[in-house]
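Please read the following briefing alongside the sequence and the coordinates. The points are grouped by topic, with individual residues and elements taken up next to the chain contacts to which they belong.

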Number of protein chains: 4
Amino acid sequence: MAKNSRIIATKGKEHFPPQEYFVRDISKDFSIKYGKIKKKDLKKKNSRIKTNTGKDYLIFESQFVDDYKRIRRGAQIIPLKDIGMIIATTGIDKSSVILEAGGGSGGFSCFVSKYVKKIISYDIDDESLEVIRHNIKSLEIKNIAVKKADVYKKIDEKNFDMILFDLPEPWKAIENASKALKVGGFLVSYSPTIVQSQQFVNTLTDSLMHVKTVEMTERMWKIEGQVVRPISKSILHSGFITFARKISK
Amino acid sequence: MAKNSRIIATKGKEHFPPQEYFVRDISKDFSIKYGKIKKKDLKKKNSRIKTNTGKDYLIFESQFVDDYKRIRRGAQIIPLKDIGMIIATTGIDKSSVILEAGGGSGGFSCFVSKYVKKIISYDIDDESLEVIRHNIKSLEIKNIAVKKADVYKKIDEKNFDMILFDLPEPWKAIENASKALKVGGFLVSYSPTIVQSQQFVNTLTDSLMHVKTVEMTERMWKIEGQVVRPISKSILHSGFITFARKISK
Amino acid sequence: MAKNSRIIATKGKEHFPPQEYFVRDISKDFSIKYGKIKKKDLKKKNSRIKTNTGKDYLIFESQFVDDYKRIRRGAQIIPLKDIGMIIATTGIDKSSVILEAGGGSGGFSCFVSKYVKKIISYDIDDESLEVIRHNIKSLEIKNIAVKKADVYKKIDEKNFDMILFDLPEPWKAIENASKALKVGGFLVSYSPTIVQSQQFVNTLTDSLMHVKTVEMTERMWKIEGQVVRPISKSILHSGFITFARKISK
Amino acid sequence: MAKNSRIIATKGKEHFPPQEYFVRDISKDFSIKYGKIKKKDLKKKNSRIKTNTGKDYLIFESQFVDDYKRIRRGAQIIPLKDIGMIIATTGIDKSSVILEAGGGSGGFSCFVSKYVKKIISYDIDDESLEVIRHNIKSLEIKNIAVKKADVYKKIDEKNFDMILFDLPEPWKAIENASKALKVGGFLVSYSPTIVQSQQFVNTLTDSLMHVKTVEMTERMWKIEGQVVRPISKSILHSGFITFARKISK
């Protein structure tokens, strides 16, 4: 994807937060707030370009993080701050095989596909499955296998290094996950409400150790000369993340 | 390392937060609060074991995340919540070559070594360099090159996908970083005080776009039956993270 | 004011957050989203009433807190969460005489007028002075004296129990405040940016002890059956509050 | 109390957080870390004094806020940040008659006694009742009536402007509170766990409107020259505060 998509950004420190345009299709002219950019300019990779009204912009090839931010969202997706926390806490890496169940748009799977060996993605909803497949294709991902399957009923595979639940009733799949994980592996459950986390934690079996349940807050600061203050209004909640770990067969 | 280190954990839901022992050396008996574990038991990989006083524990091979948590800390290290955020925001991956300057204990480099292709780690302090080398060796990391070099003076290499500053005066190395980064690459600066972030952001050159400055809070919850509440006392601050991006040559 | 203003509220648990209408003028009919309420109904004090379309509402006399929330705002006013913190930290009470300087809309003075003996309110801006006077009149407050005066130049009065600064450059008035306070009294400075707090604290004279600088966050939860979660988007920042205390003549 | 208690403080900006000693009994010498202060010096009201080792201190009469911070605590007390929020949200004032039920140490009642007309304080536990009475006496408070009574069973009085619950099962007393409140009055429930708040809110009757449920965070900053950063470790949770309002008879 990156070959053909571009980021058009404002120059230097002129704007904050920075103004960015994402160009998916460089085979035709692109309109922005202050004019039009010609398709021949869009093909440039790292350059200064001008709109037809003479306004200066910079253009560079988009990268995976840029493309990822524009994936299709059928449902609420897990924000990057939480994805980062899950990677850092579980330590999943290029040798890891993981399962995501109920991801909705497959956002988590798409992002971590770069970091792990293989992902199996379960969903039972046809619409969600379609969104996931669309995102995998548009991001040119090769190591996610999408399955229409119900994680509450069973998990066919074994020996996962990590399993992520983004489910309305995650406690219903604890037994299945426990069998499908390696010893030392992590079961992570992501829930918008604390009552779901409560029921999940209270249902954990003896072979799953409750490591921690956390919520992550990202607070953004405005910094401009002497004006240094947190942004007034911001996202204060996305989800609670529970980490459990399989400690025995 | 994982081959020879073990985690000994309490069974099931008995304790929260879970009691964990890390065994570095399995060639001799290991003492814990409630008795001793024989070395022949320590060699087991995924088992239930008993102390000499008859108390039950579980044992499993430690993984990278377990080993990482026990590295040597010469200076304050960047916590995992912030490392996760940096990975997720910059999207560094197995094709990335990155520079860390001033990391003190090399914690960031050690952790992300699993996710990137190559890391160059600059420090000028001999004691820090020794701690970094010790940690690299004990975690058996192969892709970090440690250099005694002063990032305020120059950066020898070019074309980094990401540069991380964990420096007292990060603004002094902006020019050097700007030249050493790829277009589209990220310059990340980590500072305990907001005044450092302010000076860093206000010194950014035109070719570096200020993406955002954030602080991440991890709040842990206690969940035990009907007792569902945030942990009363917790870490409320570690550092401010500024993300800048190179948008032109 | 309360005699003639009313709150019209939705019945019971039907809506969250609750739908509330504030009626300033009960001498004419009042229109709401679902119809009209007749002026004879508006005169009722604690009753169930119906709109002309048959929809049920409750009506009750507004109280000071209700009226206060509808004051005129020329500038950003200090939110109630911060006003509460200032009252609770300084302990100002019905025997206290206090000074507010630069309050913009006089919000703080209006609210605490109920709790203290006397307030003097300084401002140099004619527009602000008009807003303050308007608010004092509409809330029928008797113990605030408004003065056009420049606190950077001098403070005429002595022996204040508390002085509140809501000023762009609060450090310029520290000397004056120090002279005008009682020993044991508090100087409180409210600033949107941390750089202002920094300069204020670093300028404090020997006779003023820096008690603390804090920021207060109010996080609201949604609770509806099993849906229990923080509100996603919310105010994350209003101002930093510095408390200093006069400890010697 | 203030007549006979003193605060001894370090001079100026030497220490942060400031070092403070509270002297309850000025009829005998007082020992501090750096020496002893003679009783004749303790009687001074606003002065510089010296220890026998020649170290300088300042002394001033303690005020209500100082005395309040030293009350006896039989149970966890509601922190000042939350007391401030309750005052500011309900607008209770010198005309208000309020009820506190289950306060443990009576901290809330003692503090707001300065702001309201009359408080009735219910508790069923003899030990708690003793602590409350001790605190009322030592703070010389005249407008709190302590009663051994069970709020789950009944509330004898009527027409309260505000009722505060600090109870393990606050939902059991909702009906009683509803009858005992004025229309427009507030029922406030303070709970350490969110499950208590959930059950409380879900049990609210039709005549009680759920205004909001919040948690307040106070984050303290260190400011010393260029070192400007939040304090690393801090209290991250005390309690959830639910505000409900009586909207009909």
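This is a predicted model: local features need pLDDT of at least 70, side-chain atom pairs count only at pLDDT 80 or more; totals for chains, interfaces and linings use all residues.

Once neighbours within four places in sequence are set aside, D:Ser105 is in contact with D:Arg72, D:Arg73, D:Gly74, D:Ala75, D:Ile77, D:Val131, D:Ile132 and D:Asn135.

**Loops of chain D**

- D:Ser105 is located in the loop that lies between strand S7 (97–101) and helix H4 (107–112) of chain D.
- D:Ser105 counts as buried because its relative accessibility is 0%, and buried means a value under 20%.
- D:Tyr34 belongs to another part of the chain, the loop between strand S3 (30–32) and strand S4 (35–37) of chain D.
- With 33% relative accessibility, D:Tyr34 counts as partly exposed.
- When residues up to four places away in sequence are not counted, D:Tyr34 touches D:Gln19, D:Thr51, D:Thr53, D:Lys55 and D:Tyr57.
- From C-alpha to C-alpha, D:Tyr34 and D:Ser113 are 37 Å apart in space, and in sequence they are 79 residues apart.

**Paired strands of chain D**

- Strand S8 (residues 118–123) of chain D has five of its six residues buried, so this strand is largely enclosed by the rest of the structure.
- S7(D) pairs with S8(D) in the parallel sense, and five bridges make up the pairing.
- Within this part of the chain, the residue that D:Ala101 stands opposite in S8(D) is D:Tyr122.

**An enclosed helix of chain C**

- In helix H3 (residues 80–90) of chain C, 11 of the 11 residues are buried, so the helix is largely enclosed by the rest of the structure.
- Just after H3(C), the backbone of C:Gly91 takes a positive phi of about 70°.

**The contact of chain B with chain A**

- This contact involves 64 residues of chain B and 64 residues of chain A.
- The area that chain B and chain A bury between them is about 5,900 Å², with 58% of it on carbon and sulfur atoms.
- Eight salt bridges are found across the interface of chain B and chain A, and one of the salt bridges between these chains joins B:Glu218 to A:Lys212, with the closest N and O atoms 2.7 Å apart.
- The interface of chain B and chain A also has 27 residue pairs in polar contact, counting pairs in which both residues are at pLDDT 80 or more.
- On the side of chain B that touches chain A, the elements giving two or more residues include strand S5 (46–50), strand S6 (56–61), helix H2 (64–68), helix H3 (80–90) and strand S11 (181–191) of chain B.
- The largest share of that side of chain B comes from S12(B), which gives 15 residues.
- By residue class, the side of chain B that touches chain A divides into 28 nonpolar, 19 polar and 17 charged residues.
- Strand S12 (residues 208–224) of chain A runs antiparallel to S12(B), and nine bridges join the two strands.
- In S12(B), B:Arg219 is the bridge partner of A:Glu215.

**The contact of chain B with chain C**

- Five residues from chain B and five residues from chain C make up this contact.
- About 330 Å² is buried between chain B and chain C, and carbon and sulfur atoms give 60% of that area.
- Helix H7 (194–203) and strand S12 (208–224) of chain B are the elements that give two or more residues to the side of chain B that touches chain C.
- H7(B) gives the most to that side, with three residues.
- The side of chain B that touches chain C divides into three nonpolar residues, one polar residue and one charged residue.

**A helix residue that touches two chains**

- B:Gln198 lies in helix H7 of chain B, and B:Gln198 counts as buried at 8% relative accessibility.
- Leaving aside neighbours within four places in sequence, B:Gln198 is in contact with A:Ile223, A:Gly225, A:Gln226 and A:Val228 of chain A, and with C:Val195 of chain C.

Definitions and conventions
Residues are numbered from 1 along each chain as its sequence is written. Chains are lettered from A and ligands numbered from 1 in the order in which they are written. Side-chain values use heavy atoms; hydrogens and water are left out. Contact means heavy atoms within 4.5 Å. Buried area is the accessible area (1.4 Å probe) that two parts lose on being put together, summed over both. Helices (H or I, at least four residues) and strands (E, at least two) are DSSP runs, numbered from the N terminus. Ala, Val, Leu, Ile, Met, Phe, Trp, Tyr, Cys and Pro count as nonpolar, Asp, Glu, Lys and Arg as charged, and the others, Gly among them, as polar. A salt bridge is a side-chain nitrogen of Lys or Arg within 4 Å of a carboxyl oxygen of Asp or Glu. A polar contact is a pair of N or O atoms within 3.5 Å; within protein, one must be able to donate a hydrogen and the other to accept it, and residues adjacent in sequence count only if both atoms are side-chain atoms. Two strands pair if DSSP finds at least two bridges between them. Buried means under 20% relative accessible area, exposed over 50%, partly exposed in between (1.4 Å probe, protein chains only).
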